[in-house]
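We start with a question about strand pairing.

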Amino acid sequence: MQPLLKGMTVAVLGGDARETVLAAALAARGAAVRTAGLPVAGPNPQPCPDADEALKGAHALILPVPGINERGELYSAYLQQPVVLTEELLAALPAGRPVFVGVARPHLKDMVRRAGLKLFELMGMDEVAVLNAVPSAEGAVQLAMEKLPVTIRGTRTLVLGYGRTGSVLARTLQALGAVVTVVARSPVQRAQAFTCGLDAADFAALPALVREALLIYNTVPAPVLDEAVLRHASKEALIIDLASAPGGIDSAAARRLGLQAMSAPGLPGKVAPKTAGEILAGVITRLLTEQLMR
Ligand code: NAP
């Protein structure tokens, strides 16, 4: 692997299997990687006893994909004692340096701005969302395989939304032989689905389509599966919400109606942490290389 990041020191604080893969990938590209709260053996990535130590000499900071919680604690699958991210910690980085996170809460955005650092919200970047669509789609299919008593092949399936995730999911299901109908409000997206050999409909057709479907995926971040629509669903159907909270399904209505509905957040990190970590490593390497060249 090319040492694109030679001469750069990167701190990785907290995280899970994705950040473990990411730290190793950045080290393989020549960065000196200092971690706190990850199960790495050293010498590079180098495990540090705490966040202060990990930040020594760092040119960039990588936070876990979910960032910090409402108490300011860093997400960590491994740390026993939660680490609170403070402005004092961030002050270890010279102004203008990059801070990478998946999703930033307002509190984190404020702290990073006050510290004069540059925040990159990776999950909001098209490049990451497009690449993550593959592990998301595979994880979504895996869930259906586990929960449904029938094969995907031949199963009447709806995919609501045909954006970055919905389009990859619909085509993955199609490749497995599912009978897929895409529901999208955009005529262009419906045309794109059609050109891929998928049936496509608009939301006016949803109640009738829901009645026939055994598998329903939602990727629309708006309440499209409300009680009026869910009333048409079969009790046999599996309904999976991929859209981030609050999602697109009225879950209280689904419960009242006795439907099998579930939300499935964060699939890339759960079903393919190595791929998810490598996707992050690729994007962060590109962004760091651009910084180096300035
Ligand atoms: P995207 O590319 O923006 O696609 C969203 C789709 O929903 C588009 O077809 C969009 O249509 C449609 N849509 C948005 N608002 C709508 C509304 N009010 N009514 C009808 N259709 C609407 O987003 P994405 O990257 O595919 O992500 C979709 C959701 O899944 C997000 O909430 C994302 O955070 C989540 N996600 C979850 C996972 C997971 O593991 N569960 C993985 C990846 C993404 P228009 O283009 O017409 O707006």
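How many bridges join strand E7 to strand E10? Four bridges link E7 (residues 156-160) with E10 (residues 215-218), and the two run parallel. Leucine 160 has asparagine 218 in E10 as its bridge partner. Strands pair here if DSSP finds at least two bridges between them. Helices (H or I, at least four residues) and strands (E, at least two) are DSSP runs, numbered from the N terminus.

This is a predicted model: local features need pLDDT of at least 70, side-chain atom pairs count only at pLDDT 80 or more, and totals for chains, interfaces and linings use all residues. Residues are numbered from 1 along each chain as its sequence is written, and side-chain values use heavy atoms, without hydrogens and water.

E7 and E10 sit in an open sheet of six strands, ordered E9-E8-E7-E10-E11-E12, with parallel pairing. Its edge strands are E9 (199-201) and E12 (260-263), each pairing on one side only. From one strand to the next, the twist averages 20°. Helix H6 (residues 164-175) packs on this sheet, touching E7, E8 (179-183) and E10. Contact means heavy atoms within 4.5 Å. The direction of H6 makes about 165° with that of E7. Axes are lines fitted to C-alpha atoms, for helices over the stretch in contact; angles run from 0 to 180 degrees between N-to-C directions.

Now the other sheet. Six strands form an open sheet in the order E3-E2-E1-E4-E5-E6, again with parallel pairing. E3 (46-47) and E6 (118-121) each have a single partner strand, so one side of each lacks a neighbour in the sheet.
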